[in-house]
Amino acid sequence: MNAPSYQPNGRQKRLDTATDAFLDTIVDFIVYRIFRKKPAQLKFDVAPEQFDALKLACATEWAELLREREKAKKACDRRLLIGFIASLACAVISIVVFIGGGLFLAIIPLLISGFKAAKFKQDFNHHFAENLLPKILDHLDGFHYERHGIIPLDSVRDSRILPPHQEELTIQEDYLRTEIGAVTVEMVECQLSRMKTDAKGNRRKSTEFKGVILNMTLPHTFPSRVILQANWGKVLSFFQQKPMDKDQRITLDNNPFGKDFHIYAEDEEQAKQILTLDFLQNYKRFTDKLDVAATEMSLFGDQCVMLLHRPKDLFMPPNLHGEICEETVLYPMLQEIEMIEELTVIALEASGA
């Protein structure tokens, strides 16, 4: 008998969203406003003329982004300041009149103002994702963007690198599609989850994957399936999903990166033809440029499917309290495009095209 599916009610969804936004707002304020930390970026190079062309094309959208961000930032700061002053006042009053639970009373105003401030951040992020981002990406020739587009998981299930999940809990957004020569490339931000039962019999949602799925349809087919999986290390590898049978994990003599990847193959001899030294070196250089926790690549049929374990959003809205300029917002978008193009070249090399 199938376990009942988990469907949170509307109130629970709103609470989860508000809590996440509250935590994000507090973390952003501390990290980017107080410690002045710069967000990590991809390490792909973009041609200066390409960047200049996008800046010129997006002048109107950029002006609107700066205007809306400044409004949200001022409103957020004002709420946090009010909360801090109210909390300080409650703490002083509780000390003066010896009210029990003074610390608890002091925290309440800060929590309320934090949730209020998070609402401004939510509104700005929503405006960026629904209105500004599609307009900006429309300026990229040859790329089709859908905010709520998806990659049907059935089309990539044969990759064998998708973790166990429940379809009804799957979340996809920020879908991008393009044609590079004879290669069709799809990319989407995805979260795969499933319900688990703990030792006490309580059911909870467990996120099995959060990041980016890349799916390429190539003009040539691979002779057999090959999977490259980032090595999580001796301890964490024990918990790592095994995409194929243990006896299908192979070691290549020409692989100088044996400690970085686990390699699985249906046919070892054919895998050696696919995973040449040039391919392995190019793939290692490619993964070193990513800002991800781990990678998985599956080559099979006429497809190349890649999972990028990446907790942050694919197209991040600007932080309200971080540094903002074209280099921190528009340049990373072009780096995502460069990432796609470099991976296409690597996949074509592996397929023998």
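These questions and answers explain how terms are applied to a predicted model.

Local features need pLDDT of at least 70 and side-chain atom pairs count only at pLDDT 80 or more, while totals for chains, interfaces and linings use all residues. Residues are numbered from 1 along each chain as its sequence is written, and side-chain values use heavy atoms, with hydrogens and water left out.

Q: Why is Val212 called buried?
A: Buried means under 20% relative accessible area, exposed over 50%, and partly exposed in between (1.4 Å probe, protein chains only). Val212 has a relative accessible area of 1%, so Val212 is buried.

Q: Where is Val212, and which residues is Val212 in contact with, leaving aside its neighbours within four places in sequence?
A: Val212 is in strand E4 (residues 203-217); strands (E, at least two residues) and helices (H or I, at least four) are DSSP runs, numbered from the N terminus. With those neighbours left aside, Val212 is in contact (heavy atoms within 4.5 Å) with Met187, Val188, Met306, Leu307, Leu308, Arg310 and Leu314.

Q: Why does Val92 count as partly exposed?
A: At 44% relative accessibility, Val92 falls between 20% and 50%, and therefore counts as partly exposed.

Q: Which residues form the nonpolar patch on the surface with Val92?
A: Leu81, Phe84, Ile85, Leu88 and Leu110 form this patch together with Val92, with about 570 Å² of accessible area. Accessible areas come from the Shrake-Rupley method with a 1.4 Å probe, and for residues only the protein chains shown count as cover. Patch residues have over 30% relative accessible area and no salt bridge; like charges are joined within 9 Å, nonpolar side chains (Val, Leu, Ile, Met, Phe, Trp, Tyr) within 5 Å. A salt bridge is a side-chain nitrogen of Lys or Arg within 4 Å of a carboxyl oxygen of Asp or Glu. Helix H3 (residues 59-96) gives the most to the patch, with 5 residues.

Q: What makes a nonpolar core, and how many residues has the largest?
A: A nonpolar core is a set of buried Ala, Val, Leu, Ile, Met, Phe, Trp, Tyr and Cys residues joined through side-chain atoms within 4.5 Å. The largest has 60 residues, and Met333 is one of those with the most contacts inside it. Helix H7 (residues 326-351) gives the largest share of this core, 12 residues.
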